[in-house]
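Open the model in your viewer and keep the selection tool at hand. We will go from stop to stop, picking residues as we go.

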Amino acid sequence: MFIKTYSSAVFGISATTIQVEVNVDIGINFHLVGLPDIAVRESHQRIKAAFRNNKLHFPGKEVTINLSPADIRKEGSVFDLPIAIGILAVTKQVKETRLSELLLLGELSLDGSIQRTKGVLAIALQAKAEGFKGLIVPVENAPEAAIVQGLEIYGVKNILEVIALLNGKSNVLPTPTIGPAAFEQLATQTNLDFAEVKGQLHVKRAFEIAAAGSHNLILVGPPGAGKSMLAKRLPTILPPMTLEEALETTKIHSVAGKKRSAGIVSQRPFRKPHHTISDIGLIGGGNFPQPGEISLAHNGVLFLDELPEYKRHVLEVLRQPLEDRAVNISRARFSIDFPANFMLVAAMNPCPCGFLNHPEKSCGCHPNTVQRYLQRVSGPLLDRIDMHIEVSPVKYTELNQSTDAESSQQIRLRILAARKLQLERYAKQSGTYANAHMNRREVEQFCQLTAEAQSILQSAMKKLGLSARAYERILKVARTIADLDASVNIATCHLSEAIQYRNLDRSN
């Protein structure tokens, strides 16, 4: 007897449909072929115990399982359920009527319960693209899979519920899908607000500019100045996620096993890896490549606190993803691309003790020590950071003020208006939707300067000792400041403000 069921394997953030072919013949043996890993090969023992504990018949014959296509390595325990259902179908304990239109996945416990798995959203998207009518998934994964509309998603707790469902004797109903209106409500919910930040008006202004143009920025200031507090509130002023962005972000978090709650990721991610992180932990990789922190921050913010404390080679691996907004993980047998379109926010002290240029505390660091400390961050990495912001300690009078600061929602309205101008401007440009992503040709086209503005920029480059790499970054930031003012042309005031955001490029 021969039967087929269907499951799926995840590679990178994409899924591939796997046919589970079950054949029962004369003999007494169990064969599992199709390049399975150890976890897949161990399914035999889990399935036999689950059958015995639920009074199901395991055939005392030769059972051969083939996971097709056989040249793709299968990993994890997600294939337990489709293998078990295939064995039940071939022994006539389950009707095979709906097996060709449903995709099954889940790990079996010894008592027959079905455990949560990773990558369900990627699998659901692939199942819809290939014309499957529905999925049978662990009940904890059902809200995540139900994000994809047009599929029947059945969340089940144990193998007996699956059997009843396939035999038409179950009262398990498809999980309701999330509608656009419900998603928009989720996308605007947040517990943080810029109104909670006292003082720091110039830093808030810099954050507004960065968010409006999707610019990377670095904060330089003493401990306790509020660098982390400001960075955590950056996602609250970024434009709300679109449904497409939310789907892609949710897929990445699901594949990485980082989703702690059911349903869609509706808020822009904020990732803050510790400075002891490895290069693989940051960009992704491993024997079976998994997304790193830069991919988990896709469509959101990556915050690197105490930037000089990160290992030099770890920081250097950021250079290519910052340019390409994606990372390629290459191995001998395969190559996987992970998206990595994030805003980088870095923070650092001005010196090892942290009190250089502090208005009240004195710094005891030798100038050579300060120089070595700053040189831990390479020039090529700073080249990819558009804005350098000095953060000063907040005065007591500002901390004690009773007037409310501007809220995140008020700031976001101005940013949305600026982003709308950029979307219209780059409608015909491939891959560009924000000022920070302009290439050299687009900078020349959209960042034209008047003769007076050119004179100001030339004078600033000379007098302040700004590096050559600062030139293009200044133009991009000036374009964003002009957009916030709804100005078609870059005025001298816009350019002057942009110049002050290149402090770390100055010769002294």
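Start at the second largest pocket of this predicted model. Its lining has 13 nonpolar, eight polar and six charged residues. The pocket holds about 690 Å³ of space. In total, 27 residues line the second largest pocket. Select Val10, Phe11, Arg73, Glu75 and Phe288: these lie closest to its centre. Now colour strand β1, residues 2-11. This strand gives the largest share of the lining, four residues.

**Next stop: the largest pocket**

How much space lies in the largest pocket? About 820 Å³. Its lining counts 32 residues. Pick Val220, Pro350, Leu374, Asn503 and Leu504, which lie nearest the centre of the largest pocket. By class, this lining splits into 16 nonpolar, 13 polar and three charged residues.

Then select three elements: α15 (367-374), α16 (379-382) and β18 (387-390). Each supplies at least two residues of the lining of the largest pocket. Which of the elements gives the most to this lining? It is α15, with four residues.

**Follow β18 into a sheet**

Five strands form an open sheet, in the order β11-β14-β17-β10-β18. Their pairing is parallel. Look at the two ends of that order. β11 (270-271) and β18 stand at the edges with a single partner strand each, so one side of each has no neighbour in the sheet.

Zoom in on β11. It runs parallel to strand β14, residues 301-304, and two bridges join the pair. Select Phe270 and look across: Val301 in β14 stands opposite.

**Last stop: the nonpolar cores**

Select Ile65, Ile87, Leu135 and Ile136. They belong to the largest nonpolar core, which has 64 residues, and they touch the most other members. Which helix gives the most to this core? Helix α3, residues 80-90, with eight residues.

Now centre the view on Ile87. What does Ile87 touch, leaving out residues up to four places away in sequence? Show Val22, Phe30, Ile47 and Phe51, then Phe58, Pro59, Val63 and Ile65.

Finish with a second, separate core of 51 residues. Select Ile209, Ala210, Ala211 and Phe303, which are among its members.

Conventions
Residues numbered from 1 in each chain as written. Predicted model: local features only at pLDDT ≥ 70, side-chain atom pairs only at ≥ 80, totals over all residues. Heavy atoms only, no water. Core = buried A, V, L, I, M, F, W, Y, C linked by side-chain atoms within 4.5 Å. Buried < 20%, exposed > 50% of the residue type's maximum accessible area, 1.4 Å probe, protein only. Contact = heavy atoms within 4.5 Å. 1 Å grid on protein atoms, 1.4 Å probe; cavity = no way out; pocket = protein on both sides within 12 Å on 5 of 7 lines; lining within 4 Å. Points joined across faces, edges and corners; volume = space filled by probe spheres on them. Nonpolar A, V, L, I, M, F, W, Y, C, P; charged D, E, K, R; others polar. Pairing = 2+ DSSP bridges.
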